[in-house]
Amino acid sequence: MDFEVGQKVELKKQHPCGGTEWEIQRVGMDFRIKCLCCGHSVMVPRARFEKSLKKSQKKPSL
Ligand SMILES: [Zn+2]
């Protein structure tokens, strides 16, 4: 599965703030994702990111 910076994704695991929507800010071995609810960003290993992915949304149309 391909991911790109700026893509919005929904994760199964809820952030403590209650948000489940995240924006990808960096891709690679580790992903950096930002919570769209509170703006907090975290680094997560790709394998764990893919496992916690609920559904990928369409790529942003630029
Ligand atoms: Zn949050």
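## Contacts along the chain

In this predicted model, take the contacts between residues at least 6 apart in sequence: 24% of them join residues at least 24 apart. The protein chain has 62 residues, and 10% of these count as buried.

What are these contacts built on? The secondary structure comes to 1 helix and 5 strands.

## How the strands pair

Strand E1 (residues 8-11) and strand E2 (residues 21-26) run antiparallel, with 3 bridges joining them. Look for Lys8, whose bridge partner in E2 is Glu23. On E3, Glu23 also has a residue opposite, namely Lys34.

E2 then pairs with E3, again in the antiparallel sense, over 4 bridges. Here Arg26 has Arg32 as its bridge partner in E3. Next, E3 and E4 are paired antiparallel through 5 bridges, and Arg32 stands opposite Met43 in E4.

## The nonpolar core

Now turn to the side chains. The largest nonpolar core has 6 residues: Val9, Trp22, Phe31, Ile33, Cys35 and Phe49. Strand E3 (residues 30-35) gives the most to this core, with 3 residues.

The two faces of E3 are worth a look. Phe31, Ile33 and Cys35 make up the covered face, while Asp30, Arg32 and Lys34 lie on the uncovered one.

Trp22 is another member of the core. Apart from its neighbours within four places in sequence, Trp22 is in contact with Val9, Leu11, Ile33, Lys34, Cys35 and Leu36.

## A closer look at Pro45

Pro45 sits in strand E4 (residues 41-45). Is this residue buried or exposed? Pro45 counts as exposed because it has 11 C-beta neighbours inside 10 Å, and a residue with 12 or fewer falls in that class.

Pro45 and Met29 are 16 residues apart along the chain, yet in the fold their C-alpha atoms are separated by 6.3 Å.

Technical notes
Residues are numbered from 1 along each chain as its sequence is written. This is a predicted model: local features need pLDDT of at least 70, side-chain atom pairs count only at pLDDT 80 or more; totals for chains, interfaces and linings use all residues. A residue is buried if 20 or more other C-beta atoms lie within 10 Å of its own, exposed if 12 or fewer, and partly exposed in between; C-beta atoms are placed from the backbone. Two residues are in contact if their C-beta atoms, placed from the backbone, lie within 7 Å. A nonpolar core is a set of buried Ala, Val, Leu, Ile, Met, Phe, Trp, Tyr and Cys residues joined through C-beta atoms within 7 Å. Two strands pair if DSSP finds at least two bridges between them.
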